[in-house]
Number of protein chains: 2
Amino acid sequence: MTISRPDGQRSPTLEEVAEWAGVSRSTVSRVINGVSTVDPDLRELVQRAIDATGYVPNLAARSLVTRRTDSVALVVSEPDDRTEQSEPFLNRIFTDPFLGRITAGALEVLRPEGIHLVIMPAESPAHHHVLRYLRQGHVDGVLLISSSDEDPLPQQLCDLGIPAVLSARPGKPLPMSYVDVEQQVGAKLAAEHLLAIGRHHLATISGPLDMPSSQDRLAGFRAALAVHGHAYVPSAAGNFTRASGEQAARELFAAHPEIDGLFVANDLMAEGALQALRDLGRRVPDEVAVVGFDNSIAALQCRPQLTTIHQPLEEMAAEMARLLLSRIGKADPKPRSVIFHPRLIKRESA
Amino acid sequence: MTISRPDGQRSPTLEEVAEWAGVSRSTVSRVINGVSTVDPDLRELVQRAIDATGYVPNLAARSLVTRRTDSVALVVSEPDDRTEQSEPFLNRIFTDPFLGRITAGALEVLRPEGIHLVIMPAESPAHHHVLRYLRQGHVDGVLLISSSDEDPLPQQLCDLGIPAVLSARPGKPLPMSYVDVEQQVGAKLAAEHLLAIGRHHLATISGPLDMPSSQDRLAGFRAALAVHGHAYVPSAAGNFTRASGEQAARELFAAHPEIDGLFVANDLMAEGALQALRDLGRRVPDEVAVVGFDNSIAALQCRPQLTTIHQPLEEMAAEMARLLLSRIGKADPKPRSVIFHPRLIKRESA
DNA sequence: GGTATTCCAGGGAGCGCTCTCTCCAAGGTC
DNA sequence: GACCTTGGAGAGAGCGCTCCCTGGAATACC
């Protein structure tokens, strides 16, 4: 950094604070780091010196010796094969309420620990950029939001030995901690609710099929319906954006006009589907019942408001942060996973 | 950080690479940093040593001496007085397409320079947290998205002497670089378009009135209408979220059912207003014409699609990044500002 | 009263890098 | 051939901090 005080001089060092207080560097260091074996009078003297000089520890010097930076990265990753889409990656992740909830949940845990969170988008062509950032030791660990099966980032982080926690079950088995929600159970809740309100022609809009979570929701939905004798369930895949949900709904209803119950793999796409249904003149929920997934704020902003499957993203992110901190603290590399339970939130759309 | 190679040993140092190649630390350093005065053969030898050992420079050690970190922060700040709102800050900023466009624009400039961008939300109670992060020297400079007049962060960064660039004209005069768009001109474009399509009862939904940009858009709209003899212009303030736009529109139409032309200070609120109008049974654009602001992706996802005022956010962010880099490179602290031009994008809603 | 023990401040090494300075060798000049 | 210049490698200091170790003073123990 190039920090210089307003008057042009450099920011004070430990040594200068020590001189001000008439003590040794070590003593100031002890005060800064809250070591208890310091005489209270001296401690106060040093504290005054710190205040007087406006001292702030130099992070580079500190982390050179402690090998800690007290910050972790939230990396939002994107696989290769989806970069060609209409809506740019950055638009997508910064439009979906998902990221805000994750951030909020993680900060809830990290801030009290004095750990900073830096958010980094990592769309595919810039993967190496982010990887370099991580390898350089800017952060102590990584919260990785990775969607695709094909994403090499989890494996790479693993190889690098950087502590990391995943936001979902990895596509390939990997010795990493992760949190997840019971995707199949969520889908089952949706299926059973649609059946319970008397719908017979069910269909689903899934997420991208290279994502384990999308696969699980789709499989869970189909499995639940199979139990009730529904062998064939029309489906169309979107990419979790509103526009893709709208598009998928159009396709689905063009091919299967008889559909009267729709499970959509996230709320944003459900909102798009609602739009499509409105354009098609289908009344929701009278003619078509719609169930979303996420229970994001988008679900409340729809008309009609979305019945949806709640996943506790904030708690999940908080747990990710906790898992990461425990990995950073100890040298214990034993990966753990924590699975959360979804639940049905009944509103107007189904 | 606690990086250890998979096999448990620490990552290699310059010294080790030098030993591998049989040269001095200095030579390896020169190769790493692309200094030209190195024998090509030696350079290649060193390069092989780097590859073989998997060497990555230790950032802390480097920045301890260079006083550079090669990363900048994108800080999204929030003033004190707005934290009490219904929709949490993190939800708001990670739902508005705004941030994604800013990030994209900044990365466009920063990545080719090898500069990393870290995104940090800074809602008011956590200001000191972020400030500490910045003071510790994690970053070389700051791109500051600050909305309110009352936000102390610009002043604080100024006092700290951290290079920073603002995303809008600061509320109080400050020796900082900033970019902005001609807000008043944008509002004028909206006003004149609404008049041009024959609307006579105009109103506006503004942003929070503690934001200079909101004030400017409101003032610009009023001024343009005053020229055409409209003395009184009903207005209601939102907070740039969809829900607040919906709410504001309801209030406005309850008090002034005669409104036939509406200028909304951003697209997200305009989308909310469209929702309200639909609920009220007012046809857009036939009965009420609506003009938004931003030309965000949200404008395309509305029904009807929004006529809006385009502001080139990506280019503005890129310019912010350029201004910041020039401030970081040189010691020249002369602040500069760059003002962009808005333009009207005609679609369906007006 | 002498020795063992505890407590707490200071000294010093060293984290991994950059960067200046020095030095050597090769080439050029008169 | 003696001198100077230049290109390019190495040596060494030092960035600001932590942390181990040492040592002196204060206290406890026999």
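This is a predicted model: local features need pLDDT of at least 70, side-chain atom pairs count only at pLDDT 80 or more; totals for chains, interfaces and linings use all residues.
Local features need pLDDT of at least 70 and side-chain atom pairs count only at pLDDT 80 or more, whereas totals for chains, interfaces and linings use all residues. Residues are numbered from 1 along each chain as its sequence is written, and side-chain values use heavy atoms, with hydrogens and water left out.

Helix α3(B) covers residues 40-53; helices are DSSP runs of H or I with at least four residues, numbered from the N terminus. Within α3(B), B:V46, B:A49, B:I50 and B:T53 are buried (under 20% relative accessible area, 1.4 Å probe, protein chains only). These residues cover an arc of only 100° around the axis, which puts them on the same side of α3(B); the arc is that of the directions from the helix axis to the C-beta atoms. They pack against α1 (14-21) and α2 (25-32) of chain B. On the other side, B:P40, B:D41, B:E44, B:D51 and B:A52 are exposed (over 50%).

Between chain A and chain B, about 6,100 Å² is buried (accessible area lost on being put together, 1.4 Å probe, summed over both parts). Of this area, 53% is on carbon and sulfur atoms. In the interface, 68 residues of chain A contact 69 residues of chain B (heavy atoms within 4.5 Å). Eight salt bridges link the chains (a side-chain nitrogen of Lys or Arg within 4 Å of a carboxyl oxygen of Asp or Glu). One of the salt bridges joins B:R242 and A:E271 at 2.7 Å, N to O.

Conventions
Chains are lettered from A and ligands numbered from 1 in the order in which they are written. Helices (H or I, at least four residues) and strands (E, at least two) are DSSP runs, numbered from the N terminus. The expected span of a helix is 1.5 Å times one less than its number of residues. Buried area is the accessible area (1.4 Å probe) that two parts lose on being put together, summed over both.
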